[in-house]
Structures are given as structure tokens and as C-alpha cells.
Amino acid sequence: MAGKDYKDMSVEEVLREFNTDPEHGLSSAEVKKRLEKYGYNEIPEKKVNPVIKFLSYFWGPIPWMIEIAAILSALIQHWVDFWIIFSLLLVNGIIGFWQEHKAENIIEFLKNKLSLTARVLRDGEWKTIPARELVPGDIVRIRMGDIAPADIKLLDGDYVNVDESVLTGESVPVSKKRGEIVYSGSHVKRGEMTGVVVATGLHTYFGKTVQLVQIAKSESKYQKLVTKIGNYLILITIFLVSAVAIVQLHRGMDPLELLRFSLVLVVAAIPAALPAVLSITMAIGAYELAKKHAIVTKLVAIEELAGVDTLCADKTGTLTLNKLTVGEVIPLNGHTSEDVILYASLASVEENKDPIDLAVLGAMKKMSLESVYKKYKQLKFTPFDPVIKRTEAVVRGDDGEFSVAKGAPQVILQLTEADEQTKEKVSEIVNENAHRGYRIIGVAVKKTDKWELVGLIPLYDPPRKDAAETIRFLKENGIRVKMITGDHLSIAQEIAKQLDIGKNIYPYQVLKASHQSKREEFIERADGFAEVFPEHKFTIVETLQKNGHTVAMTGDGVNDAPALKKADVGIAVAGATDAARSAAGIALLKEGISVIKDAVVTSRKIFKRMYSYVIYRITETIRVLFFITLAILAFNFYPITPVLIILLALLNDIPILTIAYDNVKIDKKPEKWEMHKILTLSTALGLLGVIETFLLLWIAVKYFGISTTNNVAMLQTLIFLKLAVAGHLTIFVTRTKGPFWSIMPGKGLLWSAVGTKALATVIAVYGFGLAGALPLWLAGFIWLYCIFWFFVEDATKQAVYKMMEGHHLFGKSYF
């Protein structure tokens with residue numbers, strides 16, 4: 001296979017080269033041999049050596065600062081500090097490595113769930129298989145909406161228009177005919193052909209197969225916000241640490257000791273666990289959705305979905321079953337019902353699994369026309385295209401060669417050059433059926449030089465049982481559903497009525513004809529749009545976004561891809577084309593709209609977890625950093641040692657890593673990031689923490705006789721235990737808007753917090769590696785003191801929320 005130029009070889013030469021029968025395909029035994037010879041149709045991923053990946057956790061700004069602190073401890077011969085810092089650095093690396101490994105496993109699982117498939121002829125039968133199992137010599141069928149799964153030499157069919165922009169950068173689709181090659185990764189925009197696979201995997205022309213699932217590199221609103229918060233905390237830390245350094249150098253402190261302390265203080269203030277918390281929370285959310293048949297193709301889509309306030313939903317297949325049944329056939333111009341169904345069947349292809357084709361062919365079999373149908377041979381077939389809105393075929397039978405077509409009534413009327421009387425009659429039939437929820441397709445035949453209208457076929461696609469309940473749920477949770485369909489206006493109005501979507505359903509022509517400002521008003525007010533072409537969906541999404549909405553969009557076809565990509569959250573419905581799935585952020589494997597309900601609930605839960613993490617992280621930084629800085633500047637007293645700061649940072653981060661599993665309650669409205677609200681609450685809780693810590697310091701000195709000169713080590717251990725216990729309790733304050741007991745915490749979060757607090761207490765009481773151990777009664781007092789202030793903090797949180805809501809501080813979103 002390698003080194004051959006199949007481009008210049010004829011179709012016959014290629015078939016001989018691969019010893020392939022175009023009518024039968026390869027046998028299963030031959031496929032097995034070729035898999036052993038050529039390997040799977042995939043590009044092997046370069047896996048990073050686990051050892052190298054583990055070592056990478058000790059390379060970067062934050063690890064460098066901890067490592068320098070360890071080296072400085074060795075230089076000044078603080079060996080106990082050195083080994084503690086070294087051990088904590090190792091533990092931090094292990095936790096980070098494990099979390100990322102877990103996230104990667106979940107992403108790999110999602111990739112496998114959404115792998116490309118291919119239609120292949122094997123053992124004389126057409127089958128759908130994973131694209132990775134294709135081998136050179138396989139006979140495959142590609143059609144509109146597919147991503148070419150390998151390099152394919154075209155054999156049979158009229159033409160295909162393919163978009164090779166992902167490979168060449170050329171945005172204009174190119175037309176390919178028999179004898180030409182469609183390269184792996186190309187999007188089929190129009191047409192349908194069969195071909196023979198000439199190269200797979202590493203041997204394809206471009207050297208790679210486009211992967212459908214790619215975790216997007218683009219930053220979400222959450223990622224941008226967290227980056228800004230991280231930068232904000234870093235700037236505050238640098239300012240305060242610089243102030244400490246200047247004052248302490250002036251006081252004559254040893255520069256090496258000061259540098260070590262400053263580095264450790266910076267490490268404690270910077271949100272080191274942030275990347276791990278972000279990746280594992282998003283990945284676990286994606287895994288939860290996968291279990292509910294919604295596959296996330298871009299992780300940021302989970303967070304974006306939490307803020308969606310408008311869902312543009314396709315009618316067919318999303319709101320309805322997309323399982324058509326044929327109603328009472330209406331023959332015209334002297335034809336019979338059997339003629340209508342027979343000609344419609346001849347303009348259909350069963351292999352494509354098109355719902356209309358399957359309904360028509362099913363009706364043909366019910367009418368016992370199969371023996372008549374088999375007398376005809378389809379010579380040429382033009383598949384349905386959203387632009388031409390019809391299928392067409394050239395067939396040959398005992399009565400000669402002729403053409404048949406089926407499609408939208410207005411298209412068939414135009415094709416047959418119908419007179420005004422026929423147009424009016426058909427329009428009446430269409431409207432009458434539409435009011436009953438039926439859509440109509442027209443059927444025509446061309447046996448002379450002119451097309452003749454044969455008749456009309458009513459098709460009914462009933463609403464899904466779960467659609468009305470899901471729409472009600474979405475409305476109750478602040479998401480407006482706008483139905484979009486290419487069907488007739490009357491059908492759209494009937495379905496909208498049945499599902500209680502709304503009465504404002506407009507034909508897209510009204511929008512097209514109106515002025516820009518009026519069009520925006522129409523789109524804003526509309527509950528749905530009828531007679532829409534796929535390219536119009538992009539305009540609808542764009543207009544809604546300009547009006548300040550966060551938009552989710554469902555779609556299934558190749559022409560839906562631009563709108564899916566444009567939407568804040570593109571949702572490819574079950575059975576969508578490869579092109580649509582690659583453009584979307586979420587791909588549904590289960591039919592219907594109820595999966596979207598599950599996705600909304602999951603995304604809002606994840607948002608809540610992220611939200612509580614952000615508030616907690618800012619609160620802790622203010623609490624620890626401001627207290628230590630003020631204690632040093634005001635009293636020339638180091639309230640905590642470098643080793644205890646690192647230990648405190650690690651103990652605080654361990655429970656936070658379990659926040660991805662926490663229990664939360666979702667709001668009844670879309671979620672928005674409001675920095676003014678986050679900073680107000682975090683600052684209030686953080687400063688309260690500074691006050692309560694200084695108060696404990698005063699009590700210890702004044703009433704317990706622990707001096708800042710003679711019992712410094714004990715005082716430092718006391719402050720360490722207070723910050724550890726209070727810090728973990730703060731997690732349970734920030735995770736709810738109401739009282740802390742209003743939502744039971746997740747078991748992982750609860751017991752990891754209890755466990756780390758207990759560990760901190762054991763360290764403080766038994767003095768492992770510490771100069772000043774605490775008596776048990778004093779540790780008990782600190783626990784009671786922290787629990788008392790925990791209730792105060794929770795009351796303060798509720799008061800701050802009430803104050804902000806009373807002053808309408810929520811009216812503005814920064815993102």
C-alpha cells in the first residue's frame with residue numbers, strides 16, 4: 001500500500017491491485033488477514049512515558065518555588081524542614097498525576113464512545129462498522145454529512161462535493177467523480193458514491209485520520225475567570241510579600257531565611273490545586289453525561305451549557321420521533337395509490353436509512369408491491385439535498401427507462417410545471433393535512449420529455465412522549481425553547497401547540513423580507529420558525545447572541561455544522577452526521593430532547609461546584625496571607641513556619657479535590673459569573689477570618705500565657721491548627737447560599753475534610769516534626785473556637801447574600 005500512487009491508476013487497476021469484487025466486497029477471512037498486514041485504520045497516539053509525566057509535576061513555577069525552599073532549608077541545615085518540604089512536594093506530585101490520569105481515562109472513554117463509523121460492503125452485505133476496522137480493498141459508501149474514514153478511490157455514482165479545508169486550508173468544496181480520490185478527513189458536502197479504500201491509518205495521503213473528538217483548547221468563561229482570579233491573587237501576594245521582605249530586611253533578618261519564608265508564602269497563596277480541580281471536575285461531569293447518553297466533545301461545553309437561556313431545537317428527531325408513518329395516499333392525474341407508492345419507492349434507497357425512504361418502502365411492502373418493485377433496476381440515484389429538497393432516480397424496467405422523483409410539494413410542482421389550478425388544489429391538501437400534523441411529499445414521474453405529477457403522500461411524525469415534559473422543565477428553569485423546522489408553517493404550528501411551545505411561529509420568509517431591526521425583533525419574539533433552510537439557522541443563532549442570549553442549538557446535518565459551531569453550545573442529536581458531531585460541543589446518542597434536560601442539570605451542578613471553589617479559594621488566600629503579613633508587620637512575629645504553611649496548603653487542597661463529587665442544588669435560572677458578588681462575599685469571609693485568628697492569638701497570649709517570645713513554637717502550632725480546622729470548615733460555608741445544613745455535603749468532601757482536620761490535630765498534639773506540640777485540652781479549645789466562628793461565618797454569608805440581593809448587586813455579569 002505504501003508508496004503506490006493510486007491517483008493515476010484506473011478504477012479497474014485499483015480493484016485488481018486489491019483483489020476486490022465491487023459487487024460482493026471482501027470476505028471476513030480476508031479482512032482478518034489484511035488487518036494483520038496493514039493494522040487498524042488509526043494514527044497511533046504518542047503516549048507520554050508515565051515516568052516523564054510524573055516528573056513534569058516537579059517542573060514549573062509553583063514546584064520550583066517549593067524546591068528552592070527545600071534547597072534553602074538544606075543550605076541553612078534545617079534538615080527536618082527539608083524532609084517535610086520534600087515529602088509534601090512528592091505527595092503533591094502524586095495527587096496531581098493521579099487526578100490527571102483519571103481525567104485522561106475519562107476522555108479516552110468518551111473518544112471511544114463517539115468514534116467514526118463507516119458503511120462497508122462485506123460478504124455481500126452492507127454493514128456499519130467502526131472506521132478503525134477498515135482495510136485497503138474495502139468497498140465503502142460515502143454520502144452527504146460523512147467524514148471520509150480513509151483514502152477512497154471513487155467507483156460508482158454521479159459525484160460528491162467534498163470540503164478538504166481541514167486538510168488543505170482551501171475553503172471552497174471540490175467536486176470529485178469516478179476515478180478520483182477522496183482523502184481521509186474530508187467532509188462530504190453533497191452527493192453520494194461508492195468507492196474502494198486505497199489507504200488507511202498512517203498510509204493515508206495526509207498521514208493522519210481526523211479524530212472526531214477533540215478536547216477543545218479554547219478557554220471557557222470559567223477558565224478565563226479563574227485565570228483572572230489567579231492573576232489577582234498572585235499580584236496581591238507579591239505586593240504583601242514584598243512589603244514583608246522590605247520591612248524584615250530593615251529589621252536585620254537573615255536574607256536566606258527571609259527568601260525561604262517568602263517563597264513558601266507565595267506557594268500557599270497561589271491556587272496550586274486549580275488545574276487539577278478544573279480538569280477532574282469537568283471530566284467527571286462529562287463521564288456523568290456519557291452515562292446518560294450525551295457525549296461531550298468539547299469539555300468547555302459543560303460549563304457553557306449552565307448559562308444557556310435559549311435552546312433552538314430541531315423539530316424532526318428532537319421534538320418528534322422521526323419515525324414516519326404513511327397516511328392515506330392521494331393519487332392525482334388518473335394514477336392509483338399503488339402508482340404513487342411504487343414510483344416513490346423507486347426514488348428511494350433503503351441503505352441510506354433515511355426516515356422518509358424507510359416509510360415509503362415500508363408502505364410499498366404493506367401494499368404487496370415488492371414483486372413489482374423488484375422488476376425495476378435503479379441506474380442512477382440523486383440523494384436528498386436540503387437545497388434541492390428532493391430525491392431523484394433513473395430506473396429501467398419492462399416498460400423502458402424513465403425517471404422518478406419525490407420531495408417537497410412546492411419543489412415537485414415546480415418540477416412538473418403545474419398550472420395554477422393544480423397548485424391551488426395541492427396547497428389545499430397540504431394545509432388540510434398540516435392542521436392534523438401531517439407533512440406531505442409529492443411524487444412525479446418522467447416517461448416522456450416532461451415530468452408528470454403522480455400524487456401526494458401524507459407522512460406523520462408524532463411528538464415524543466418526553467418532549468412536552470422536557471420543554472416544561474426547561475421553561476421552569478429559565479430556558480426558552482424555539483422550535484426550528486423546514487416543514488410547512490401549519491405543521492410547525494400544530495406541533496408547537498401540542499408541545500405548548502408557544503403561538504408565535506413564523507415562516508422564515510417573513511424574517512427574510514423584513515428590515516434588520518424588525519428581523520431582530522421577530523427572532524427575539526418568536527417561539528419557532530417554519531420553512532427554514534439549514535443556512536438560516538446560523539442567522540437565527542447569531543441574532544440571538546447579539547441580543548445578549550447564551551444559545552444552545554440542536555442539529556443533525558452537514559449544513560447545520562456552521563450553526564452548531566456558532567452556538568455557545570452546539571448539540572448534535574442522535575443519528576447526526578459525522579460533520580455535525582465534529583462541529584458540536586455535545587453529541588447525543590439517545591434520541592429525543594430529555595437528554596438535554598439531563599445535560600442542563602449536570603452542567604449547572606458543575607457550575608455550582610466551581611462557584612463554591614472560587615469563593616473558598618479567594619477567602620482562604622485573604623485569610624492566611626493578610627493574617628501572616630499583618631502579624632509580621634505589626635508585631636514582628638512569625639505566626640507560622642514555612643513547613644507549616646506548606647502542610648496547611650496541602651491539607652486544604654486535599655478536600656477540594658473531592659469537590660467534583662459534592663452534592664449541590666441547581667438554581668431555577670441560567671448561571672452567570674458575577675465577579676462583584678464573588679469578591680464581596682470572599683472579602684467579607686476572608687477579613688472575618690483574619691479578625692478571628694488575631695482574636696485567638698490575643699486569647700492565647702493574654703489568658704493561656706503563651707508568649708510570642710518564649711513559646712513561639714507552641715504559638716505557631718496553635719495558629720497552624722486554627723487555620724487548618726477553620727479552613728476546612730470554610731468549605732462547608734461557601735458551598736451553599738442558605739444555611740450550611742441546607743444541602744448535605746458529598747461523602748467524599750465530608751470525610752476528606754474531617755480526615756485532614758483530624759490529621760492536622762494529630763500533628764499539632766503529637767508534634768511530628770514540630771518544636772511546639774499542643775496539649776490536648778488546647779487542641780480541643782481550638783476546635784470549639786473554630787466551630788463557634790463557623791456559625792458566625794455562616795450567618796455572615798447569609799447576611800452578605802441578603803444585602804447584595806437587596807441592593808440588586810446581581811444585575812450585571814462580567815462575562
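**Note on the predicted model: strands, helices and selected residues**

1. Strands E1 and E3 (residues 139-143) are antiparallel partners, joined by three bridges. Two strands count as paired if DSSP finds at least two bridges between them. Helices (H or I, at least four residues) and strands (E, at least two) are DSSP runs, numbered from the N terminus. Within this pair, arginine 119 has arginine 141 of E3 as its bridge partner.

2. This is a predicted model: local features need pLDDT of at least 70, side-chain atom pairs count only at pLDDT 80 or more, and totals for chains, interfaces and linings use all residues. Residues are numbered from 1 along each chain as its sequence is written, and side-chain values use heavy atoms, with hydrogens and water left out.

3. E1 also pairs with strand E2 (residues 125-130), in the antiparallel sense, over six bridges. Threonine 117 is bridged to proline 130 in E2. The two strands make a hairpin with two residues between them. In that turn, aspartate 123 has a positive phi of about 55°.

4. How many of the six residues of E1 are buried? Five are, so strand E1 (residues 117-122) is largely enclosed by the rest of the structure. Buried means under 20% relative accessible area, exposed over 50%, and partly exposed in between (1.4 Å probe, protein chains only).

5. An open sheet of eight strands runs in the order E9-E23-E22-E21-E10-E18-E20-E19, with mixed pairing. Strand E9 (294-296) and strand E19 (505-507) are at the edges. Each has a single partner strand, so one side of each is left without a neighbour in the sheet. Neighbouring strands of this sheet are turned by 20° against each other on average, direction ignored.

6. Inside that order, strand E10 (residues 310-314) and strand E18 (residues 480-484) pair in the parallel sense, over five bridges. Cysteine 312 has lysine 482 of E18 as its bridge partner. Cysteine 312 is buried, at a relative accessible area of 0%.

7. Cysteine 786 is buried too, at 2% relative accessibility. On disulfides, the count is zero. The rule asks for a pair of cysteine sulfur atoms within 2.5 Å.

8. Helix H24 (residues 594-635) meets helix H26 (residues 675-702), their axes coming within 8 Å and crossing at roughly 40°. That makes H24 oblique to H26. Axes are lines fitted to C-alpha atoms, for helices over the stretch in contact, and angles run from 0 to 180 degrees between N-to-C directions. Angles under 35 degrees count as roughly parallel, over 145 as roughly antiparallel, 65 to 115 as roughly perpendicular, and the rest as oblique.

9. The crossing of H24 and H26 is right-handed. The contact residues divide into 18 nonpolar, six polar and three charged. Here Ala, Val, Leu, Ile, Met, Phe, Trp, Tyr, Cys and Pro count as nonpolar, Asp, Glu, Lys and Arg as charged, and the others, Gly among them, as polar.

10. H24 has a crossing with helix H17 (residues 467-476) as well: the axes come within 9 Å, at roughly 25°. H17 and H24 are therefore roughly parallel to each other. This crossing is left-handed. A crossing is left-handed if the near helix is turned anticlockwise from the far one by less than a right angle, and right-handed if clockwise.

11. Helix H12 (residues 337-346) is mostly covered, with seven of its ten residues buried. Among them are Val340, Ile341 and Tyr343. Asparagine 333 lies in the loop between strand E12 (330-331) and H12. Asparagine 333 is not a glycine, yet has a positive phi of about 55°.

12. Eight of the eleven residues of helix H18 (residues 489-499) are buried, so H18 is largely enclosed by the rest of the structure. The buried residues include Glu494, along with Leu489 and Leu499.

13. Is aspartate 500 buried or exposed? Aspartate 500 is exposed, with a relative accessible area of 57%. Aspartate 500 follows H18 and sits in the loop between H18 and E19. Its phi is positive, about 60°, although aspartate 500 is not a glycine.

14. Alanine 245 belongs to helix H7 (residues 221-250). Alanine 245 counts as buried at 19% relative accessibility. Leucine 259 is 14 residues away from alanine 245 in sequence, and the C-alpha to C-alpha distance is 8.1 Å.
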